Amino acid sequence: MAIRVAHVGTGNVGRLALTELVTNPQFELTGLCVSTPEKVGKDAGDLAGTGVTTGIAALSELDAVLATGPECVVYCAMGDTRLPEAMADVMRILASGVNVVGSSPGLLQYPWGVMPDKYIARVEDAARQGNSSIFINGVDPGFINDLIPFALAGTCQRIEQVRCLEIADYASYNGSEVMHYMGFGRPLDEVPMLLQPGVLGIAWGTAIRALAAGLGIKVDEITESYERAPAPDDFDIAVGRVRQGTLAALRFEICGLVNGHPAIVIEHITRLRPDLRPDWPQPAQGGGSYRIEITGEPSYAVDIVPSSRKGDHNHAAIVGAAGRIVNAIPAVIAAPPGIRTTLDLPLVTGTGLYAPIVAI
């Protein structure tokens, strides 16, 4: 019997998650919630871009969607810039007795040691009230800095450091809110929200703490650093024009220190043009890649290059983020109530996804 699932949010991740809910027979879409007035009333299949008519019209009220009786809600509404609202939404869903998987709020990937205990307790209380569970994940923060490193670490005899990198050209990324949040195209004398003191450590602190928990170590301190490079001239990207002198390349690093040693490191190198800062690490393939480096015995350097028949590296990475949460739905429904993480769930293997291309 198909799992009854409702969906919230049709942005970059949400639209692709919705695509799987519409096309995968393992799921029955019961309802869809959107925040953009122009999307209200449109068919879920149209909003997903599938060309499939589902008969499910987008609604603007979360309670109306919960009234459709889902077993799980896929929550992909923006959480970075509306954290209180996103937290309130997921607690409301959990308390109503419905499980949650989602791409936000990102702090719930692994909140312990990152969020104040009183806020974690509110989520856990809502989950206990509804006998429901929640799993928040994605690509990065997400499976690139929990699932994949754990798989490699489990083969080692000794580990000195785990480093996870994203190296990507964001010129084709059309998430204007995220790009503004990171400061791209803004004057270098402005400090964007992402680079305000402490924000990097919070945003990726969940991944640092999750890795530490899996490795059985205690992180004493999380540090952060960044450097930026300006555009050498004017040029255009998906979200608009980048003016000369504004931010066009960004490199940042978050370190989890154990006795002063950087035991866990998350590093991002983001360019808007491949010729910028050639001295910074380069992707394994044009456009972008993810890299997992484990220093120990044995040591590993593993490059992950996402690709897609339907788009470039940025599109492919978002497909992976959507797939990670949607494919976890059966495991999350079966899990005990509360906040669940990669450390709690069984290995999600892609059951039911095999679909060979049929030659015509």
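**A walk from sheet to helix pair**

Start by selecting helix α1, residues 12–23: it lies across β1 (3–8), β2 and β3 (72–75), and runs at about 145° to β2. Keep in mind as you click around that this is a predicted model.

Colour the strands one by one in the order β2-β1-β3-β4-β5-β14, and you have an open sheet of six strands with parallel pairing. Go to the two ends next: β2 (27–33) and β14 (338–340) are the edge strands, each pairing on one side only. Turn the view to look along the sheet, where the twist averages 20° from one strand to the next.

Zoom in on a single pair. Select 99–102 for β4 and 133–136 for β5; these strands run parallel and are joined by three bridges. For a landmark here, show the side chain of Val 101, which stands opposite Phe 135 in β5.

Next stop, a pair of helices. Select α4 (residues 83–95) and α5 (residues 117–130), whose axes come within 7 Å and cross at roughly 25°. Angles under 35 degrees count as roughly parallel, and α4 and α5 are therefore roughly parallel to each other.

Terms used:
Residues are numbered from 1 along each chain as its sequence is written. This is a predicted model: local features need pLDDT of at least 70, side-chain atom pairs count only at pLDDT 80 or more; totals for chains, interfaces and linings use all residues. Side-chain values use heavy atoms; hydrogens and water are left out. Axes are lines fitted to C-alpha atoms, for helices over the stretch in contact, and angles run from 0 to 180 degrees between N-to-C directions. Helices (H or I, at least four residues) and strands (E, at least two) are DSSP runs, numbered from the N terminus. Angles under 35 degrees count as roughly parallel, over 145 as roughly antiparallel, 65 to 115 as roughly perpendicular and the rest as oblique. Two strands pair if DSSP finds at least two bridges between them. Contact means heavy atoms within 4.5 Å.
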